[in-house]
Structure formats: C-alpha cells, structure tokens
Amino acid sequence: WIAFPFFIMYAIAVLGNITLLLVIKTDPSLHEPMYLFLAMLAFTDLVLSTSTLPKMLAIFWMGSGKIGFVSCLVQLFFIHTFSSVESGVLMAMALDRYVAICRPLSHSSIFSETVVVTLGTMVLIRGVLLVTPTCFLLHRLPFCQHHIISHSYCEHMAVVKLSCGDTRVNAIYGLFVALLVAGSDTFLITVSYTLILREVMKSPTEARRKAFSTCVSHICVILAFYVPALFTFLTHRFGQSIPPHIHIMVANLYLLIPPTLNPVIYGVRTKKIRYRVLLLL
C-alpha cells in the first residue's frame, strides 16, 4: 500500500513537468531566462524521478529486488549527476532573480538566451565530471560480503558500505563532491536572496509584494530540495542512531518531493504559465 502514494506523486511529477516543458516550448513569449531555467528544472526532475521510481515500484509491487552491478552504477550516475544539475539550476535561478530585481535594466543583456544555455550546459558538465570518478572508484572495490542495499535505489554511500575493501577514498571523494556542489550553490543562493531582500525592503509596497511573491516560490522549491538532501547526506555519515526506515523514507522522498512540487508551485503561482496551461486544457 505504501507504493500508492509514491505512484501518485510520480504521476503528478511526470504529467506536471511534461506539461511545463510543452507550454514553455510552444509559447515564444515564455522564451525568457526565468522560463528557460524552469524548463531545465522540469527536465532534470523528469530524469531524477524516472531514474528511481519505476524500479522502486517494481520492488514494492512485483518483488523485483535485484539489480545488476553495472545497472546499479548507471542508476547511481544519473541520480547523483542530475541532483548536482538540479542544485546548479536552482542556483542559476537565484542569480537570475537577483539581476531581475536588483539590476532590471541590465537583465536582458546579462541573461541573454546564449548565457542561459551556456549556464545550463556548464551545470550539466560539472555534474558529469564530478560524478563519473565516483562510478570508477566504486567499480574497483571488492564486494565479498552481503549484497543487500539498504535503499530502494543505488545511493553512493549505501553501495560503498557493501564493500569489504578500503573505502576511505570513496568516502572522502563523495564528501568532497557533496560539499563542493551544495556548499558553492547554497552560498550563492543565500547571497542572492540576501541582496534581493535588502533591495526589496527599499521598494514601494506594491513592488515589494510582487517581489516577495516571486521569491517565495523559489524559496519553497529550494527548501524542498535541500532539506531532505541534507538530512540524507548527514544521516549516512553521522546518523547511526536514526532508525533505518526513517532514513530510507526520507531518501525516497528527497528524489520525489521536488519533481512533484516544482510544477505545482510554478504552475499555480506563475500567472503566464497558469494562463497557458488553462488554454492548453
């Protein structure tokens, strides 16, 4: 029965993010930086949720609890690469909001379509370059103990803990990647929204309300991604006292809540997208 809520959330994520991509692609008036970043976020969410949910549902409903080692590494690669991409896109969206609110006259020149595509490409390349060594480091490890992963998908540290060899390099590199990606992105996001808040407080009441409304959407999305991600990351390393079922449940929701919430939040709160979706329906 626990798979039914996951299935419903996955259906919402797939339907919502595909709708966002179709609306943004077919409407030239939405080919602006904020909406292009939103399209990148929707595509990333589709990859993240589809990398985990079909296998998770197969485990729950068909008892298909086996996965080949190479398939496990492929799943791990997509999960961690696109988690890094999602973090990078959220950071880029925060920078875009900073320029749009604090430097509106320069926004079109700073965030041209070429710059947006370049930023998206760099974020993707960053994820691929940082996660690829993780797969090679895992491939060299000996696995002579039990082969039961304490998750419903191949998470890096969960797989590392199965090895009977020296895993210090894997653990150190995984920590380095997590701190590099999350640390740099959250720092830039925090700085951007601090400067936005300072600028907004100087604005007239109506402009302040509109800016707050826009920023609240972004902050909700950011919290929905980073809070469960941080909990999962810390629990693997320091949370031995946390019950395994809670850790597994949060780890599952970490890859499902953002893809489910993002299209709902942006579809409801963004007037232009809401209008286009209603026309589409």
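Buried means under 20% relative accessible area, exposed means over 50%, and partly exposed is whatever falls in between, with a 1.4 Å probe and protein chains only. This is a predicted model, so local features need pLDDT of at least 70 and side-chain atom pairs count only at pLDDT 80 or more, while totals for chains, interfaces and linings use all residues. Residues are numbered from 1 along each chain as its sequence is written, and side-chain values use heavy atoms, leaving out hydrogens and water.

Q: Why is helix 2 called largely enclosed by the rest of the structure?
A: Count its residues: 21 of the 30 come out as buried, so helix 2 is largely enclosed. As for the name, helices are DSSP runs of H or I with at least four residues, strands are runs of E with at least two, and both are numbered from the N terminus.

Q: What makes Thr-50 stand out in helix 2?
A: There's a kink of about 30 degrees at Thr-50, shortly before the proline Pro-54. The bend is the angle between two axes, one fitted to the seven residues ending at a residue and the other to the seven starting there.

Q: Which residue follows helix 2, and what is its phi?
A: That's Gly-63, with a positive phi near 65 degrees.

Q: How do you know that the length of helix 7 agrees with its number of residues?
A: Helix 7 (residues 168-200) has 33 residues, so at 1.5 Å a residue it should span 48 Å. Its end C-alpha atoms are 47 Å apart, which agrees. Buried residues in this helix include Tyr-173, Val-177, Val-181 and Asp-185.

Q: Why does Leu-180 count as partly exposed?
A: Leu-180 has 39% relative accessibility, so it counts as partly exposed.

Q: What makes Arg-126 and Asp-185 a salt bridge?
A: A salt bridge needs a side-chain nitrogen of Lys or Arg within 4 Å of a carboxyl oxygen of Asp or Glu. Here the N to O distance is 2.9 Å, so the pair meets that cut-off. The pair links distant parts of the chain, with Arg-126 in helix 5 (residues 113-139) and Asp-185 in helix 7, 59 residues apart. Arg-126 is partly exposed at 22%, whereas Asp-185 is buried at 1%.

Q: How many salt bridges does the structure hold?
A: It holds 4. One of them joins the side chains of Asp-96 and Arg-97 at 2.9 Å, N to O. Asp-96 is buried at 1%, and Arg-97 also counts as buried at 11%. Arg-168 and Asp-166 form a salt bridge too, with their closest N and O atoms 2.9 Å apart. Arg-168 is exposed at 59%, while Asp-166 is partly exposed at 44%.

Q: Why does Ile-248 count as partly exposed?
A: Its relative accessibility is 25%, so Ile-248 counts as partly exposed. Ile-248 lies in helix 9 (residues 244-254). Not counting residues up to four places away in sequence, Ile-248 touches Ser-150 and His-151.

Q: Why does Trp-1 count as exposed?
A: Trp-1 has 78% relative accessibility, so it counts as exposed. This residue comes in the segment before helix 1.

Technical notes: Expected span 1.5 Å × (residues − 1). Contact = heavy atoms within 4.5 Å.
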